Amino acid sequence: MDPDLLLGRLRRELGAFRACLDDGHRSLSAPVTHCGEWTLHDLAAHLGRGNLWAAAAVTEGHGGLRPPPAPGEPAALARWFDGTCAVLLDALAADPSAPAWTFHPPHTVGFWRRRRALETLVHRWDAEHALGAARPLDPETAGEGVAEVFDTMAPRQLARGRARPPDRAVRLTATDTGASWTYGPGTSAATLSAPAERLLLVLWGRLPADGGAVAWEGDRAAGLRVLAGPLVP
């Protein structure tokens with residue numbers, strides 16, 4: 001996706017996530033189903049601290065920032081989160097081709113426009129899901145998220161020894177956009193088809209790969225083994 005378009009999507013998704021914090025203690029105590037024992041407060045703290053970490057990667061050229069804990073009081077948390085968004089967006093206003101520290105190529109500002117847009121997309125869904133009102137994901141952005149799993153997140157998992165290389169290939173096809181991706185060696189053993197949103201949510205563990213939200217063709221068991229990776233942190 002175009003870096004400027006990704007920056008616009010990031011701004012929009014940050015605003016949507018921020019809206020989930022407006023109900024004070026009631027919303028902040030909501031459990032986030034797919035993030036262990038986290039509440040919405042914990043998720044906001046994670047996303048906001050990640051904003052500051054990514055901004056420092058751009059402006060300071062390293063990944064060693066350790067942001068302080070987020071405030072606990074709802075109004076203070078909301079103000080703090082707004083501040084982290086402003087810091088991130090200011091840093092990412094730089095030329096997307098400019099150099100930046102990143103944990104995976106390319107080592108540019110554009111990497112962070114993409115990474116933060118997609119991180120925020122998934123966590124916006126998490127937050128809305130926790131409040132019982134998850135809205136659809138933009139298909140084009142969700143497709144970019146699927147691509148990122150295979151070109152960035154899965155290779156990083158392998159490099160860090162968190163996953164084994166796949167011994168078969170699996171193909172994913174987005175039924176709404178027509179895009180497709182293949183992960184693993186050789187001819188695809190299985191094909192997984194669904195709208196881009198569902199594919200992304202499957203890859204990030206928000207929907208089951210063996211459930212009714214997706215359609216399989218071929219060797220489903222082999223495909224499930226490949227997707228079990230784990231492909232993402």
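This is a predicted model: local features need pLDDT of at least 70, side-chain atom pairs count only at pLDDT 80 or more; totals for chains, interfaces and linings use all residues.
Phenylalanine 111 and tryptophan 112 are both buried.

**Aromatic rings**
- Searching the whole structure turns up eight aromatic pairs.
- Take phenylalanine 103 and tryptophan 112: their ring centres sit 5.8 Å apart with the planes at 80 degrees, and planes over 60 degrees apart count as edge-to-face, so this pair is edge-to-face.
- Phenylalanine 111 also pairs with tryptophan 112, again edge-to-face, at 5.1 Å centre to centre and 85 degrees between the planes.
- Step back and you get a cluster: ring pairs link Trp53, Trp101, Phe103, Phe111 and Trp112.
- There's a charged neighbour too, with arginine 156 lying over the face of phenylalanine 103, 4.1 Å from the ring centre.

**Helix α7**
- Helix α7 runs over residues 196-203 and is mostly covered, with six of its eight residues buried.
- The buried ones are Ala196, Leu199, Leu200, Leu201, Val202 and Leu203.
- What does the covering of those buried α7 residues include? On the helix side, there are α5 (109-130), α6 (139-159) and α8 (220-227). On the strand side, there are β1 (169-174), β2 (180-183) and β3 (188-194).
- After α7 comes glycine 205, which has a positive phi, near 75 degrees.

Key
Residues are numbered from 1 along each chain as its sequence is written. Side-chain values use heavy atoms; hydrogens and water are left out. Rings of Phe, Tyr and Trp (its six-membered ring) pair if their centres lie within 6.5 Å; planes under 30 degrees apart count as stacked, over 60 as edge-to-face and the rest as tilted. Buried means under 20% relative accessible area, exposed over 50%, partly exposed in between (1.4 Å probe, protein chains only). A charge sits over a ring if NZ of Lys or CZ of Arg is within 6 Å of the ring centre and within 35 degrees of the ring normal. Helices (H or I, at least four residues) and strands (E, at least two) are DSSP runs, numbered from the N terminus. Contact means heavy atoms within 4.5 Å.
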